[in-house]
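Reader: I'd like to learn how to read a model like this one, feature by feature. Could we go through it together?

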Amino acid sequence: MNQDSYSSDQPTGQDPLVLLKTLQLLWTKQELGKLKEEIRRGFARLEDPLAGLLAMLESSSDWKGKGHSLGYCITTELQLWIKAHPAVPQSGTKLKKLQARVLGMLSQCPANLLDPLISIYQLHTADRNYLLEHVSHLYLQGNYKEAAILSIKLKLQPDQDVEKMCTPLLLQDKANLVEEYVAEYPELQRKLLQTLDMWCEPSFNIRDIIRPYQGLSKYNPEKFNRRVLSKLIFRLLERFNVDSALCPNVINQRHLRTLNYLFYKRFVEKTMTEENWADHIQSTVGENRWLQAHLVQSLLRHCDARGAARWAQHCQVPPEMLPQAVAEELQKLHIQDRVEEVTKADNYEASKKKDYYQLPIPRENIHFLQTWEETLQCWEKVLQAGQVVGVDMEWKPSFGMVGKPRVALLQLALKDEVFLLDLPRLLKQAEAEGEKEKLPHFIQMLYSDAAITKLGYGMSGDLSSLAATCSALKDTEKQMLGVVDLLAVDKQLQWGKDSRKVDGLSPEHSHEERGVRQPEKGLSLLVQHVLGKPLDKTEQLSNWEKRPLREEQILYAASDAYCLLEIYERLCKDPESFGLGSDLTESLVGKQSKKPRAKKQLNKQEAPSPSGQEFQGPRTEPSRPPAPISPQEFSVVCDNMLQGLGRYLRCLGVDVRLLDNEDDHRKAAELRSQVGEGRCFSVNCSQKAKEQALQVLKHFNVQVSLGDIFSRCQVCNCNKYLKVSRERMKQLVESSRQVSGEHSAGCPGSQSCSVTVPVCDTAQPGCTPHSEQAEGTDQCRAAMGLAGDTVLQVTAIPPGVLDRAELTDFYCCTCCGKVFWEGSHFGRIVSQFQDVLVASGNTQSFYELS
């Protein structure tokens, strides 16, 4: 008789626990072949194999271990055995009892056992209300992760409250599980996004969400704030392709950051023209009254009431929403259809020609093409063997919004003329005529023709945006031949030692100094080195989707493409003077045609990918270990995905520039395009921030001493402090509370009432601050004046700290006004980095390590 068959005349009733002992012995001996054979024979002898499996799992702890366990082996073998013996599956009351038993085990199951057990015991057929009740019981016990995973496996999400299920997961930093929870249900995705957006409403108190879950394990309140929520919302919007209009609060906050950035570019950095700035302001603010009110307030700060009134009139802001000064000015203005053009007060336009690169071809040789008939004439000239073509693309800046940018303008420059292709209109026209492939076909012909030399700067980024614009062009980069990316050439060129210094936004330089003339970078810097004058980049951040294009935009777009031809010609004429090989064409076109690039290059409007974060540090020679340097000599820029690394380095005294969501992330891309070999370091993003910091210190041979720790403000990166005695600080706190009390009636709801208190202490540069900092944004903030109108925050210091006898002094950042004092964090940092600390003349800190 075949022992693997299942029939009623077989000997039955074997004790499953006896079988388990046999299996455990074989598992210990690692006799897997005999083990599987014994499992199959054993199940054939059991009167009820399904009940027998549960008995074995309940009596053994082995199955609870992660990975490949005996329990996993037994369970998966039973699953296979059942497929060969269809008479085994049960139904009715007996199956319900088994389902109840297995449900009690699932919350303790390793992940690899869930699917086999759900399949074996047919849990998808169980009563849905019973399953929901079980999951609810898990939730009430605080097993939020287990409740969510079981809901996903049993597809119970449509019958659950998405906010209730996901809130504790978000508090425990399990956003990935939340994404999985809603992944298959568009309606739940929308509900989740609406809930998250509601939490980002300015008047919403996020503590109301946190309060019921204070006892959560692995709960990290620092990771649950509006900034983190904002990032999550934008990631979900993009992943699930949901209309961003569903999340007005987070979109408004992003638009507000864009608004602030535009004011910085126009009035502080002074690198945007009035027309360009006005285009972006209009598209950013639109008809949103909330943003319009912020616009008027910002105009009042940077301009005057008359300028604010003109925009209020243009946006048709109701007078009752306006500050009194603006409302009064509005009454004096004549009704107009549009914002009055502001005459440029400076003589910028007059000096532009002598300061910047100018097109050497007449204006009539620049053609703006919007019809297919016009474009055919362009292609006849471009697609000729031996032709050299400068290629560039423009798109509307996204300012961090969802999705990849779509190309709005394609520029093709030949020796005597430049063609500007209105890509959106041409694609739309071709689609309307039923020939949507013809424009992509010509673009592919251009890039794949080895007989035509294509010049670009950061071509990979351009092609990525081109693929986002037209899916038919997604493989263009793989097929291209005869291309020269001048970004790659730029990296080979040997400039002078100080010629590539980039503005690091250091605190030593005032906004006014930076606003006079911005350092050149990227293509503009290359043009300056090779052709003598930089590009005028004031139109770089234009709204390239708006039609008609302004004359300044047309000239800028043509210059960006045509300058590539002149650079290439100059380099080919005298490559040796630029440190290049004698046969430039062969070395560049030949090599790059065969293998375009192993690494994607970042270009003018593309931020670094989160999956491969990069980090800029001082230049080192890759051929030998770098010379030891101190943290004071080490300056870095970290992208927003490396903020944890940046904070650790700053704690160790390193000068760190942290890019935030509000920053223009092209700064990182432009820095990457300019730094030399060994200066741009790719950080392993799978590591924790501390390990990343150790990796960076080792790579650049940074020698950290005790005196370096906390020698910089952790908040603003400043390295100068004001030393204030405890007695003096008590006086300041008491005085500021009195002043705050006197003014509290006049500023209801305010969170930042500041008063100035005279200070007699002098700044102590180089003092190492404490490891604790004053917090308390919900209180009125008393302050004492420092140099440069910086206010020193003092009321945020908890009263108990001022009573500590061991604290004799406080250290106050002279840049941002934060107050620090000696604490235990110093000891923790020393402990974490003790392997890389070096002995120095300053072997003792004013801290006493406990």
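Author: Let's start with contact, which means heavy atoms within 4.5 Å. This is a predicted model, so local features need pLDDT of at least 70 and side-chain atom pairs count only at pLDDT 80 or more, while totals for chains, interfaces and linings use all residues. Residues are numbered from 1 along each chain as its sequence is written, and side-chain values use heavy atoms, with hydrogens and water left out.

Reader: Which residues is N717 in contact with, leaving aside its neighbours within four places in sequence?

Author: They are R650, V654, D655, V656 and R712. Two of these partners also make polar contacts, each a pair of N or O atoms within 3.5 Å; within protein, one atom must be able to donate a hydrogen and the other to accept it, and residues adjacent in sequence count only if both atoms are side-chain atoms. The side chains of N717 and D655 are joined at 2.6 Å, and the side chain of N717 meets that of R650 at 3.2 Å.

Reader: Where is N717 found?

Author: Helices (H or I, at least four residues) and strands (E, at least two) are DSSP runs, numbered from the N terminus. N717 is in the loop between α32 (689-700) and β11 (720-725).

Reader: Is N717 buried or exposed?

Author: Here the scale is relative accessible area: under 20% is buried, over 50% is exposed, and in between is partly exposed (1.4 Å probe, protein chains only). N717 has 9%, so it is buried.

Reader: How many helices and strands does the chain have?

Author: There are 35 helices and 17 strands. Buried residues make up 49% of the 850 residues in the chain. As for sequence separation, take the contacts between residues at least 6 apart: 72% of them join residues at least 24 apart.

Reader: Which residues are 52 residues apart along the chain, with C-alpha atoms separated by 9.8 Å?

Author: That pair is D462 and L410. D462 is found in helix α23 (residues 459-469), and its relative accessible area of 4% makes it buried. Another pair is V637 and L659, 22 residues apart in sequence and 7.4 Å apart in space, C-alpha to C-alpha. V637 lies in strand β8 (residues 635-638) and counts as buried at 15% relative accessibility.

Reader: Now for whole helices. Why is helix α9 largely enclosed by the rest of the structure?

Author: Because 8 of the 10 residues of α9 (residues 162-171) are buried. They are V162, M165, C166, T167, P168, L169, L170 and L171. These buried residues pack against α7 (128-140), α8, α10, α11 (186-199), α12 (207-210) and α13 (226-240).

Reader: What caps the N-terminal end of α9?

Author: D161 does, with a side-chain oxygen 3.0 Å from the backbone nitrogen of E163. Just after α9, D173 takes a positive phi of about 60 degrees.

Reader: How many residues of helix α17 are buried?

Author: In α17 (residues 305-315), 8 of the 11 residues are buried, so this helix is largely enclosed by the rest of the structure. The buried set is A305, A308, A309, R310, W311, A312, Q313 and C315. Their cover includes α15 (274-285), α16 (289-302) and α18 (324-332). Just after α17, Q316 has a positive phi of about 55 degrees.

Reader: At roughly what angle do the axes of α8 and α10 cross?

Author: Axes are lines fitted to C-alpha atoms, for helices over the stretch in contact, and angles run from 0 to 180 degrees between N-to-C directions. The axes of α8 (residues 144-154) and α10 (residues 175-182) come within 9 Å and cross at roughly 30 degrees. Angles under 35 degrees count as roughly parallel, over 145 as roughly antiparallel, 65 to 115 as roughly perpendicular and the rest as oblique. The helices α8 and α10 are therefore roughly parallel to each other.

Reader: Which residues of α8 and α10 meet?

Author: K145, A148, I149, S151 and I152 in α8 meet L177, E180 and Y181 in α10. Ala, Val, Leu, Ile, Met, Phe, Trp, Tyr, Cys and Pro count as nonpolar, Asp, Glu, Lys and Arg as charged, and the others, Gly among them, as polar. The residues of this α8 and α10 contact divide into 5 nonpolar, 1 polar and 2 charged.
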